[in-house]
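Thanks for passing this one along. Here are a few points to have at hand while you turn the model around on screen.

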Amino acid sequence: MNVFEIKGGNPNIGMTTRDGTSGPERDLIDAFLPFIPSCFRWRKGAVAIFHEPYIETGFPDLVVVHYNPSVFDKWTPARSKLRPLDLKLLHHLFHTNGGETEVLLKVLGLDRRVFLSAIERLLNAEMVTQAREKWMPRPLRSVFGIKTIVAIEAKIKNWSDAFQQAQLDQWFASETYVLSPIEKPSQSVLERSQRTGVGVLVLNGKRVRRLKNANKWSLPASYGSWMFNEWIGRYIYEGQVEKYGDY
């Protein structure tokens, strides 16, 4: 299984990142990277690793995405031109099993011209079709290649901040974790993990332990999930994949 990292802002794929500052939390993330294969044990597909990508809810420290590369084999230039608004519309169509123009305009509150421009880009990208009066999304398995999105927040001491951001990450991720070097978190930390569905990973020395499993949410969770899907496809299409290692 191939693994590649996406670091730094990349205008070619429409992604921006925060420049991580050096310090113990950055060191913790760097130390965790070699443990990704043993921690998640995905057997098929490929993995993309994002460092502090900008997403609507903030800058998650690390996002690890397990995906099926064959879904991106038929990528087109028009697909790379999709905008966040287009992905919001697409996500809505998947959750409503399509919709008519007038209904969509009313529900989404979009200007007609803006809506039609978004639909045109989705049509050009072969992401939607029109059946009679209804706009329909393509089958999910043919356009959404992601299997799992794991968001990880690293903290040395401040558990509260880490849990708060990890809960925000549930907006786009299928699993979220707090990563810490503290081997024996307090009972209140474990109870918060249980209550919020945020998992707890402990990295100390030469091993990673999963103290609490994260809840698993279905994908795509939001248009944010689609953004990771499209970033991967664009990155592959642009030929920018830099191999990090093999499982």
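1. Let's begin with Glu126, which sits in the loop between α5 (112-124) and β5 (128-131). Please bear in mind that this is a predicted model. The backbone of Glu126 deserves a look: its phi is near 60 degrees, a positive value in a residue other than glycine.

2. Glu126 also turns up in the lining of the second largest pocket, together with Ala125 and Met127. How does its lining divide by residue class? There are five nonpolar, three polar and four charged residues.

3. You will find Asn97 in the loop between α3 and β4 (99-100).

4. Helix α3 (residues 84-96) packs on helix α9 (residues 223-237) at an angle of about 120 degrees, and the two axes are 9 Å apart. The pair is therefore classed as oblique, since 65 to 115 degrees is the range for roughly perpendicular. Their crossing is right-handed. On the α3 side the contact involves Pro84, Leu87, Lys88, Leu90, His91 and Phe94, while α9 brings in Tyr223, Trp226, Met227 and Glu230. Sorted by class, this contact has seven nonpolar residues, one polar and two charged.

5. What about α3 and helix α4 (residues 101-108)? Here the angle is about 115 degrees, with the axes 12 Å apart. α3 is therefore roughly perpendicular to α4. The crossing of α3 with α4 is right-handed. Leu89, His92 and Leu93 of α3 meet Leu104, Val107 and Leu108 of α4. By class, the α3 and α4 contact counts five nonpolar residues, one polar and no charged ones.

6. Which two residues are joined by a cis peptide bond? They are Leu219 and Pro220, with omega at about -5 degrees. Pro220 belongs to the loop between β10 (207-212) and α9, and α9 is the helix that packs against α3 with Tyr223, Trp226, Met227 and Glu230 in the contact.

Methods: Residues numbered from 1 in each chain as written. Predicted model: local features only at pLDDT ≥ 70, side-chain atom pairs only at ≥ 80, totals over all residues. Heavy atoms only, no water. 1 Å grid on protein atoms, 1.4 Å probe; cavity = no way out; pocket = protein on both sides within 12 Å on 5 of 7 lines; lining within 4 Å. Nonpolar A, V, L, I, M, F, W, Y, C, P; charged D, E, K, R; others polar. Axes fitted to C-alpha atoms, helices over the stretch in contact; angles between N-to-C directions. Helix = DSSP H or I, 4+ residues; strand = E, 2+ residues; numbered from the N terminus. Parallel < 35°, antiparallel > 145°, perpendicular 65-115°, else oblique. Left-handed = near helix turned anticlockwise from the far one by under 90°. Contact = heavy atoms within 4.5 Å.
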